[in-house]
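Here are my notes on the complex, in the order in which I would go through it on screen. Have a look at the model first, then read on.

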Amino acid sequence: MEIVACAKLVYDETQIPVEGDRLLVDQAPVKVSDIDRNAIEEAVRIKEEVGGRVTLALVVTGPFDEAILKEALAMGADRALMVQGDEVRGHNPYRTAQALVKAIEREGIRPDLVICGEGSSDQYSCALPAMVAEFMSLPVATFVGRMELGEGKLRVERYLEGGYEIVEVPLPAVISVTSEINEPRIPTVLQIMRAGKRERSVVDASQLGLDYPEMEEIEMKAYVRERLRKRIEGDVNEAVRRIVEVLEEKGVIP
Amino acid sequence: MRILLASDPVHLPSLVSAARSLSPSNLEAVSTARAEVPVDRLLIADVRVNDCWVDALTPRDFDLLLLPPTRDFKEVGARLAARRGLPYLSEALELELDGKVEASRMVFSGRGVERIRTSLPAVATLNLDGFEPVEGSPDSVEELKVDCTPRVEVIERREREAEVDLSKADVIVSVGRGLKRKEDLEMIRELASLLGAEVACTRPISADLKWLPEERHVGMTGVRVKPKVYLALGISGQIQHVVGFRDADTVIAVNIDPDAPISEVSDYFVVADLYEVVPRLIEEIRKRKRS
Ligand SMILES: Cc1cc2nc3c(=O)[nH]c(=O)nc-3n(C[C@H](O)[C@H](O)[C@H](O)COP(=O)(O)OP(=O)(O)OC[C@H]3O[C@@H](n4cnc5c(N)ncnc54)[C@H](O)[C@@H]3O)c2cc1C
């Protein structure tokens, strides 16, 4: 089975410093977008079950970090395809999806299965998997929390707001997974060292002849809310009394 | 400005309300069932699967297509935009039109808000918080024939009626992984009932453990709440959760870990074991109610 696991290298949103109403985004380290690690894990599990090859297609939105690429590859991907350049920065899922699809095509990869995370830690627009499917003219199932491989098809459970949907998708297909689907493995140091030698290609998105609607980012602000940050420590009974006081003050209890 | 809406009948009245605030010259809606909403034309389409939603909307003419921000419609909107070569805005807040379209979006798990500007026609899923549903009669109602051969086959679909709308709750008692067993929800429910509060949770409690229904999970992928008081019990305070209660007036957190990140985003941070706090709190409030 030819599997592509899509992932995005993003600024780690939990480590972005804030200055007034500014987010100092480029001072944060980068990481593999959280749920994309579930996508890589699922791709590797399928390969372990039925054989085949996993390509890690990595969209590099900020600075590149070799250690992070190696760690992601070490989860069990066979090679990396990195897509980078100004075209895959900022917010334009159309452009990113097109770059990814064109890079996959240019590498001559004809996937049986493309697995993505439901949404990225930076933008969470949840658009990319759906767009990749359209650009590749493949069927798609989004927000998949469980899946089972059958003969030439997948049976998946889609996790929706008020319930779930079980659907069958013929292969080749595109799937987006939610974080509930698996527990991503943590590779060992040895696995990480070995991963450095795996095959990789780098594609510059400006070479792909992209054609997309423009989206202009006109402002970005930190979203903060000041809190009192009072600490209550020590005796539990005293702490409970303080909570009751606050609840009273707010009119929650008489 | 021709605005087209595509929605399930449940979200349609709020979506119409949001669309009307943009003063469209023509407002049309496609829905899977009849709804009493004030639009120029209501098209009823028998679509059961996302594939057919995309096919149904592909030939339609609009300046702006608005969809509810559900998981299904996020797929439909993105696919349609890709197919038609149009810009797509996901979960837009504060939409503005001036020949182009501008919208805010939450980014970096809610740590920031960005403002995006793009051309029309465009497709957007729209955050519907704060839009009161409107009622009225459509000027005309027609059936929309959809020619579609779905590529995925739906085997089963189960939808529950949501039991609560947390975004309207005045007081919320919310639990996280600090809760050890499902049975312990009993004491949480008891506390909530004494406070006239709704019970909420973090995503692992609903999605992984399935102890509470999805609509009770607060955060980026769940509900955004704005109660007078948000009492967070055994919740670490990861940003994806925090963004959901940011508009609460007062936040009280109880956590056994003195360094839990929630200490930074609460008004009162109580370093304690929730299993010691909750029973005492119940007792204390009962005492007061009796006297
Ligand atoms: C893309 C994405 C979207 C997400 N969206 C959401 C979302 O919308 N909502 C959401 O909630 N999460 C979301 N998450 C998950 C989020 O990152 C956190 O994993 C989650 O919020 C953590 O839940 P928790 O605080 O219950 O668990 P934990 O992080 O495990 O924290 C448990 C806390 O309980 C404390 N504790 C343990 N025992 C006790 C005790 N006896 N008494 C008191 N305290 C105790 C611990 O000190 C700890 O701080 C999302 C994640 C991703 C990647």
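1. Start with His241(B): one of its polar side-chain atoms lies 2.9 Å from an oxygen atom of the ligand. That is a polar contact, which here means a pair of N or O atoms within 3.5 Å; within protein, one must be able to donate a hydrogen and the other to accept it, and residues adjacent in sequence count only if both atoms are side-chain atoms. The protein covers 82% of the 990 Å² of accessible area that the ligand has on its own (Shrake-Rupley method, 1.4 Å probe; for residues, only the protein chains shown count as cover).

2. Met220(B) uses a backbone N or O atom, 2.9 Å from an oxygen atom of the ligand. Asp273(B) places a polar side-chain atom 2.9 Å from a nitrogen atom of the ligand.

3. A word on how to read this: the model is predicted, local features need pLDDT of at least 70, side-chain atom pairs count only at pLDDT 80 or more, and totals for chains, interfaces and linings use all residues. Residues are numbered from 1 along each chain as its sequence is written, chains are lettered from A and ligands numbered from 1 in the order in which they are written, and side-chain values use heavy atoms, with hydrogens and water left out.

4. Where is the ligand? The ligand lies between chains A and B, and 28 residues surround it (a heavy atom within 4 Å). Arg177(B), Thr202(B), Ser236(B), Gln240(B) and Asn255(B) are the closest.

5. Which helices each supply at least two residues of the shell? They are α1 (34-50) of chain A and, from chain B, α5 (203-208), α6 (239-242) and α7 (274-290). Helices here are DSSP runs of H or I with at least four residues, strands are runs of E with at least two, and both are numbered from the N terminus.

6. For the backbone, please check two cis peptide bonds. One runs from Leu171(A) to Pro172(A), with omega near 0°, and Pro172(A) is in the loop between β10 (163-170) and β11 (173-177) of chain A. The other joins Leu120(B) and Pro121(B), with omega about -5°; Pro121(B) lies in the loop between β7 (112-119) and β8 (122-126) of chain B.

7. Finally, Glu94(B), in strand β5 (residues 88-97) of chain B, has a positive phi of about 50° although it is not a glycine. Most residues other than glycine have a negative phi, and most peptide bonds are trans.
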